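Q: Can you walk me through this one? I'd like the overall picture, then some particular residues.

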Amino acid sequence: MDVKKHGAAALARVLKVLVSVTFVCNLIVLPCVPMLTTTGGAADIVELWGQMGPYLFLLGWQLFGTVPYLTVLSLFLLFCGVCTAVILWQARRVLITIIEGDTFTLGNARNMRRAAVCCFLICAAALARVVWSFFYYASPAPLFTYNALFVPLFLMGGLLCMVMSALFRQAAELKEENDLTI
């Protein structure tokens with residue numbers, strides 16, 4: 001086995017473990033988003049957990065929809081969490097093909113395209129939230145939030161995934177042509 005291929009496979013194995021752990025953590029936290037947004041953060045949750053225990057989880061979902069800002073925040077975080085889970089799953093699938101040594105496939109091109117679509121969806125959701133915040137607060141303050149940072153960040157991430165998708169597709173087509181040549 002080539003040293004470069006072995007090194008890439010070893011790195012892909014480590015990345016696959018990290019991506020898998022992140023994916024599982026994402027799925028665990030996703031149902032807790034309304035609780036996290038309505039209680040005010042981690043410090044309050046520790047204090048409230050001592051008083052309410054597991055009922056705190058239900059309280060978050062019960063309060064969901066009562067305060068407009070918290071509802072928009074919860075919906076935004078839930079939507080981004082689902083898109084992030086899809087991105088992580090697609091990355092995991094690409095890493096598996098790298099470990100197997102069959103990197104340049106049309107399947108990887110489709111995986112990267114799905115990841116790009118999810119990046120663009122997060123970008124659009126962040127832009128919508130920034131616009132909503134302009135009207136809700138009637139000030140330019142939303143330009144200085146993480147939502148405004150998400151717009152160019154995930155736009156560039158989506159464009160990078162589209163370029164990677166095109167490269168995977170072109171490499172797969174060249175590999176197929178090469179395999180047909182005697």
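This is a predicted model: local features need pLDDT of at least 70, side-chain atom pairs count only at pLDDT 80 or more; totals for chains, interfaces and linings use all residues.

Q: How many helices and strands does the chain have?
A: Seven helices and zero strands. Read from the N terminus, the elements go α-α-α-α-α-α-α.

Q: What share of the contacts with a separation of 6 or more is between residues 24 or more positions apart?
A: That share is 76%.

Q: And the accessible surface of the chain, what does that come to?
A: About 11,200 Å². Carbon and sulfur atoms hold 74% of that area.

Q: Which residues make the nonpolar surface patch?
A: Leu11, Val14, Leu15 and Leu18. Their patch covers about 360 Å².

Q: Where is leucine 18 found?
A: In helix H1, which runs over residues 3-29. An α-helix has 3.6 residues a turn, so residues three or four places apart point the same way.

Q: Is cysteine 80 buried or exposed?
A: Buried, because its relative accessibility is 8%. The cut-off for buried is under 20%.

Q: What about cysteine 25, how does that count?
A: Cysteine 25 counts as partly exposed, because its relative accessibility is 42%. Partly exposed lies between the buried cut-off and the exposed one, which is over 50%.

Q: Now H5. What span should helix H5 have, and what does the model give?
A: H5 covers residues 68-100, 33 residues in total. At 1.5 Å a residue it should span 48 Å. The C-alpha atoms at its ends are 48 Å apart, so the two agree.

Q: What follows H5?
A: Glycine 101. Its phi is positive, near 85°.

Q: Last one: serine 133. Which helix is it in?
A: H6, residues 106-137.

Q: Buried or exposed, that serine 133?
A: Serine 133 is buried, because its relative accessibility is 6%.

Q: What does serine 133 touch?
A: Ala138 and Pro142, leaving aside residues up to four places away in sequence.

Technical notes:
Residues are numbered from 1 along each chain as its sequence is written. Side-chain values use heavy atoms; hydrogens and water are left out. Patches are made of residues with over 30% relative accessible area and no salt bridge: like charges are joined within 9 Å, nonpolar side chains (Val, Leu, Ile, Met, Phe, Trp, Tyr) within 5 Å. Accessible areas come from the Shrake-Rupley method with a 1.4 Å probe; for residues, only the protein chains shown count as cover. A salt bridge is a side-chain nitrogen of Lys or Arg within 4 Å of a carboxyl oxygen of Asp or Glu. Helices (H or I, at least four residues) and strands (E, at least two) are DSSP runs, numbered from the N terminus. Buried means under 20% relative accessible area, exposed over 50%, partly exposed in between (1.4 Å probe, protein chains only). Contact means heavy atoms within 4.5 Å. The expected span of a helix is 1.5 Å times one less than its number of residues.
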